[in-house]
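Here is my note on this model, point by point. Please keep the sequence and the 3D view open as you read.

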Amino acid sequence: MQTENNMDGERDAKRRKALEKSTSPPPPLGFQNPLLPLANTYDEDDEDEDFERMALSSRRAGGGQNGARVEQNSDDDEHAEDEDDSDDPSGQELPQGKQNRQVEVRRDCPYLDTVNRQVLDFDFEKFCSVSLSNLNVYACLVCGKYYQGRGKKSHAYTHSLEAGHHVYINLLTEKVYCLPDGYEINDPSLDDIRHVLNPRFAREQVEQLDRNKQWSRALDGSDYLPGMVGLNNIQLTDFVNVTIQSLMRVTPLRNFFLIPENYQHHKSPLVHRFGELTRKIWHARNFKGQVSPHEFLQAVMKASKKRFRIGMQSEPVEFLSWFLNTLHNDLKTRKGGSIIHECFQGELEVVKESHNRARGDDQNGAPNSTESRTENNVVTEAYRMPFLMLGLDLPEPPLFKDVMEKNIIPQVPLFNILKKFDGETITTTVRPPARMRYRVTRLPPYLILHMRRFTRNNFFREKNPTLVNFPVKNLELKDYIPLPAPTKENEKLRSKYDLIANVVHDGKPDEGFYRAFVQRKSEELWYEIQDLHVSETLPQMVALSEAYMQIYEQQQ
């Protein structure tokens, strides 16, 4: 009997220990969780979505003969490992309860006919319209508004009950859910919405873009050309719009940004926002025939530390120079190259003559100095430097009116102002005082020319109205600029260029606006684009405008 009592006592002790273990609170985490304050305001569904934020590629196709199935996060060991790695951004192991959480996936949803594609706009920042948070943001496919989460205490769940809107898409994972029921909808009819949210291009499609002559139709019945869509002028952002429209004609640059795999390892938000904007401009299945570059402008404001911002007019040349250099720094490889330098970088030989006393002030001006000599107290330095664009000086306009009481607007051929780079024409600089001579030693595949129309004095900003006469096709540079012979055998000197983009400025210096003339390669037609307005124009009209910035493409 005593032995049996002892055994019963041991069993009771074991039961008590097991009960204590099962009811004891979980051990504290060994790290500080930065999402802990947010977790208190949402239920378990929202915590799970925090782990799903990085799972862009884990969306599974629905199916099954019954029209509904149950999806588990751990179907087998191999998939469980992959999802644990991708779903948890912190790299920590998920709790057992979350691994076994079941999500019902259905093909039939009675609310799919309530989806309103007319109100969907994915061009703006992905923030909840109530909490202004960018975590787990869903778009209501009925009214187009953004809400956070899909749990019972979330804003999207509340909106589904209050407004009776039941279909929501996760803006990151592209999964579609029905609220308040909480099941996932897997229906092929929603694929067009996913394509508008995140346009995709195969490499074969990218290669065929310049041969495509087909128009696309928006939901409102209007026709638009992929690649020739208008950009919304949010507030004095026409200087950004004309720059983007011009860069969209540079084929290698466009093809690079149409495929996200080319820059997926780069962390710069500016690179990814420009890639998104490029894909939206060239997408043939948009719901509307225009694009708002709002997210791209936000990235520009942040990267430039508000040097370029919404509501403040700037010059396209200043923006383009900053943008190309910033993109190069973000994209450059270990060898120092990038798609920017492959397209636009050329080389100049500079000969600088200055007085001996001024040499100490400008010692750092020529880091690649190859030759330096002093003669009659004049120091001559020769060095080579890279360039992304060439600045051309316009002749001064007449000061006095003629007998008809009108100022005659002078005209100058492009070849006259290109003589600045013939290696003989002297350009005088004031600060520091020096005489400069420039000669092009290497031409880039895409040549950017900038006509310096604007000058500032102590009182106001002036604009030079001189018209520049330039050819639209077959700009032959070797007849006007001495160019070096090809270094490789059997290599031809490629010095012929065709115009692909021309940015002009209309109006007064501080009150005017910019517009762009761009060429569509598939039909060799020219289009005039001013913000949202896109219209076909004649090549002769391109040459009659006050050219401000041009992009030429080298003939192959």
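1. Surface and overall build. The protein exposes about 30600 Å², and carbon and sulfur atoms supply 48% of that area. Accessible areas come from the Shrake-Rupley method with a 1.4 Å probe, and for residues only the protein chains shown count as cover. This is a predicted model, in which local features need pLDDT of at least 70 and side-chain atom pairs count only at pLDDT 80 or more, while totals for chains, interfaces and linings use all residues. Residues are numbered from 1 along each chain as its sequence is written, and side-chain values use heavy atoms, with hydrogens and water left out.

2. Burial and secondary structure. Of the 556 residues, 45% count as buried. Buried means under 20% relative accessible area, exposed over 50%, and partly exposed in between (1.4 Å probe, protein chains only). There are 17 helices and 28 strands. These are DSSP runs, numbered from the N terminus: helices are H or I with at least four residues, strands E with at least two.

3. Contacts along the chain. Take the contacts with a separation of 6 or more: 67% of them join residues 24 or more positions apart. Contact means heavy atoms within 4.5 Å.

4. The largest nonpolar core. It has 62 residues, and Phe296 and Phe344 touch the most other members. A nonpolar core is a set of buried Ala, Val, Leu, Ile, Met, Phe, Trp, Tyr and Cys residues joined through side-chain atoms within 4.5 Å. Helix H13 (residues 316-331) gives this core its largest share, eight residues. Another core lies apart from it, with 36 residues, including Val412, Phe421, Leu449 and Tyr552.

5. Around Phe296. Leaving out residues up to four places away in sequence, Phe296 touches Val240, Ile244, Leu270, Arg273, Phe274, Leu277, Phe319 and Phe323.

6. Aromatic pairs. The structure holds 19. Rings of Phe, Tyr and Trp (its six-membered ring) pair if their centres lie within 6.5 Å; planes under 30 degrees apart count as stacked, over 60 as edge-to-face and the rest as tilted. Phe274 and Phe296 have ring centres 5.9 Å apart and planes at 45 degrees, so this pair is tilted. The pair links distant parts of the chain, 22 residues apart: Phe274 sits in helix H11 (residues 269-282), Phe296 in helix H12 (residues 294-303). Both are buried. One aromatic cluster includes these two residues, along with Phe239, Phe256 and Trp322 among others.

7. A second tilted pair. Phe421 and Tyr438 have ring centres 5.9 Å apart, with planes at 50 degrees, so they too are tilted. Phe421 is buried at a relative accessible area of 2%. Tyr438 also counts as buried, at 15%.

8. Helix H10 (residues 251-258). Why call it largely enclosed by the rest of the structure? Because six of its eight residues are buried. They are Thr251, Leu253, Arg254, Phe256, Phe257 and Leu258.

9. Thr537. This residue is in strand E27 (residues 533-537). Is Thr537 buried or exposed? It counts as buried, at 14% relative accessibility. Residues up to four places away aside, Thr537 touches Phe517, Trp526, Tyr527 and Glu528. Thr537 and Phe517 are 20 residues apart in sequence and 8.5 Å apart in space, C-alpha to C-alpha.

10. Met541. Helix H17 (residues 539-542) holds this residue. At 43% relative accessibility, Met541 counts as partly exposed.
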